[in-house]
Amino acid sequence: MINGQKVVVVLPAYNAALTLKMTYDEIPFDIVDEVILVDDASKDNTIEVGQALGIKHVIRHENNKGYGGNQKTCYDKAIEIGGDIIVMLHPDYQYTPKLMAAMVHILASGLYSAVFASRILGKGALKGGMPMYKYIANRFLTYSQNILMNQKLSEYHTGYRAYTKKVLQSIDYHLDSDDFVFDNEISAQIFFAGFEIAEITCPTKYFDEASSINFKRSVKYGLGVLNTSFKYFLQKRGLGNYKIFSFAKK
């Protein structure tokens, strides 16, 4: 715990057997209370590796629910077991768990309700091997999103995030997509609810075992990101009525 707040790490996994142990071994258990592994119907032995590591909360989806669907299960379980600070970390070892302490302390201080680990602050993305087309797309999408959403993040597309229980309970992430655009929709919901998002510089690693979506899925994701940002823009001005923001009317 930090400042009396329970810290829970959630690992949304799909075919992560080769990298799960490396990720798990770097988690700072001096501050982390619980770990949740949610396996999204992997075709490898991710579940067995997680159990061998002694992870207490291991959940398996019998049918693949998608990246967003996996996170929904993660956050539901984290809140159920009393998590006050929830860190979402990909178990593919692309992001270092060593940053977790810094991210958690930012939230425990009460200054922010969400923290993103940005690969773009500094030179972490290209140094870590991010393909150039993904880097360019990342910069274009982030620039567009900042204009449409009147924000100033360096990156909306990181898979390494930490949230307070308060922010997750103030929005309704179940209204979001089960696909990869989930991350952008939950970001839009957080801003729409009036919260701010802090950022911290994060190195990253691209290698064969690290998960990554192909070019076709990347295009679909990019269009989904722009769609989310336009929805936010219109909803903020009273010109739209979109499901993902309907939580604000309750």
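Me: What makes the nonpolar surface patch, and which residues are in it?

Reply: Y133, F215, V219 and L223 make it, and it covers about 410 Å². Areas come from the Shrake-Rupley method with a 1.4 Å probe. One caution: this is a predicted model, where local features need pLDDT of at least 70, side-chain atom pairs count only at pLDDT 80 or more, and totals for chains, interfaces and linings use all residues. Residues are numbered from 1 along each chain as its sequence is written, and side-chain values use heavy atoms, leaving out hydrogens and water.

Me: Which helix gives the largest share of that patch?

Reply: Helix α9 (residues 215-236), with three residues. Helices here are DSSP runs of H or I, at least four residues long, and strands are runs of E, at least two, numbered from the N terminus.

Me: Why is V219 called partly exposed?

Reply: Buried means under 20% relative accessible area and exposed means over 50%, with partly exposed in between. V219 is at 39%, so it counts as partly exposed.

Me: And what makes S118 buried?

Reply: Its relative accessible area is 1%, so it's buried. S118 sits in strand β5 (residues 114-118). Leaving aside neighbours within four places in sequence, S118 is in contact (heavy atoms within 4.5 Å) with S154, E155, E199, I200, T201 and C202.

Me: How many aromatic pairs does a search of the whole structure find?

Reply: Nine. Rings of Phe, Tyr and Trp (its six-membered ring) pair if their centres lie within 6.5 Å; planes under 30 degrees apart are stacked, over 60 edge-to-face, and the rest tilted.

Me: Why is the pair of Y75 and Y163 called edge-to-face?

Reply: Their ring centres are 5.8 Å apart and their planes are at 90°, so edge-to-face it is. Y75 lies in helix α3 (residues 66-80) and Y163 in strand β6 (residues 160-164), so the pair ties together parts 88 residues apart in sequence. Y75 is buried at 0%, and Y163 is buried at 0%.

Me: How do you know what kind of pair F192 and Y232 form?

Reply: The centres of F192 and Y232 are 6.0 Å apart and the planes are at 80°, so that pair is edge-to-face. Ring pairs link F192, Y232, F245 and F247 into a cluster.

Definitions and conventions
Buried means under 20% relative accessible area, exposed over 50%, partly exposed in between (1.4 Å probe, protein chains only). Patches are made of residues with over 30% relative accessible area and no salt bridge: like charges are joined within 9 Å, nonpolar side chains (Val, Leu, Ile, Met, Phe, Trp, Tyr) within 5 Å. A salt bridge is a side-chain nitrogen of Lys or Arg within 4 Å of a carboxyl oxygen of Asp or Glu.
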